[in-house]
Amino acid sequence: MSDAALRLGIFAAVFALLAIAESLWPRRRQPLPRSQRWPGHVALQVLSALLLRVIFPGAAIGLAMQVDALGWGLFGLWPAPAALAVAMSLLLLDLGIYGQHVASHRVPGLWRLHRLHHSDRQLDLTSALRFHPLEILLSMAWKGVLIVVIGAPVLAVLIFEVMLNASALFNHANLRLPPGLDAGLRKFLVTPDMHRVHHSRREHETDSNYGFCLPWWDWLFGSYRAQPEAGHDGMQIGLQEFGAVSESRLRQMLTQPFRQ
């Protein structure tokens with residue numbers, strides 16, 4: 001099985017399981033039906049995947065193979081035991097994505113792209129697909145820089161790609177977890193309740209909980225916020241200026257960064 005088929009299979013399985021779980025144990029009442037949001041989000045993801053295939057044919061895995069063959073990066077210059085190299089690469093890649101996420105909020109040009117993700121009026125697992133294709137391309141380019149600098153092993157990159165996609169679906173899910181389970185998972189994984197705070201309409205809450213997979217960077221850099229001030233049922237989600245239902249249509253999502 002190719003790495004693309006493996007990643008797609010895991011993505012589809014996680015997506016299906018979370019879609020069922022959201023229906024059985026929803027965290028918040030969702031005013032908009034899936035039919036008004038999901039088609040645009042899925043179309044956006046398909047378009048991004050096609051652009052990635054054209055512009056970055058080998059994507060992250062292909063680049064990691066080249067880096068390994070040429071001996072580039074930290075672990076190319078200073079070889080380490082395979083298990084240590086994989087573990088450290090996973091940590092450094094996740095830290096790099098955390099840094100990218102912080103920059104996407106603080107750099108105006110990047111925020112114009114990233115705000116599409118935050119303009120979603122409600123959260124569910126398909127919110128993890130709501131990224132502008134240009135942001136996806138920039139993200140892949142940044143990920144390529146990280147892979148080259150780290151000299152990340154192919155296995156580490158494959159595991160990271162699977163983890164990043166699965167954790168993004170999970171932490172955007174409209175899923176109610178028992179408080180004890182949520183507290184336990186937060187020690188090593190970003191949970192839906194933790195990430196939901198990041199989508200608050202209150203700016204100081206939006207500027208928190210940047211982690212996608214590991215919560216440790218938010219603790220370390222002081223960007224962790226345990227709960228929203230208004231509570232998870234009372235908090236407002238999304239950007240008011242892009243709150244119309246039409247903003248979940250593909251055309252509006254593609255043009256949003258270029259509109260005031």
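**View 1. Helices α1 and α8 cross at roughly 20°.** The axes of α1 (residues 3–24) and α8 (residues 154–172) come within 10 Å; axes are lines fitted to C-alpha atoms, for helices over the stretch in contact, with angles running from 0 to 180 degrees between N-to-C directions. Helices are DSSP runs (H or I, at least four residues), numbered from the N terminus. This is a predicted model, in which local features need pLDDT of at least 70 and side-chain atom pairs count only at pLDDT 80 or more, while totals for chains, interfaces and linings use all residues. Residues are numbered from 1 along each chain as its sequence is written, and side-chain values use heavy atoms, with hydrogens and water left out. The two helices α1 and α8 are therefore roughly parallel (angles under 35 degrees; 65 to 115 is roughly perpendicular, over 145 roughly antiparallel, and the rest oblique).

**View 2. Residues in the contact of α1 with α8.** On the α1 side are D3, L6, R7, I10, F11, V14, F15 and L18, which meet L158, E161, V162, N165, A166, L169 and F170 of α8 (contact: heavy atoms within 4.5 Å). By class, this contact has eleven nonpolar, one polar and three charged residues.

**View 3. Helices α2 and α7 cross at roughly 45°.** The axes of α2 (residues 34–55) and α7 (residues 133–150) come within 9 Å. That angle makes α2 oblique to α7.

**View 4. Residues in the contact of α2 with α7.** Helix α2 contributes L44, L47, S48, L51, L52 and I55, and helix α7 contributes P133, I136, L137 and M140. The classes are nine nonpolar, one polar and no charged.

Note on methods. Nonpolar A, V, L, I, M, F, W, Y, C, P; charged D, E, K, R; others polar.
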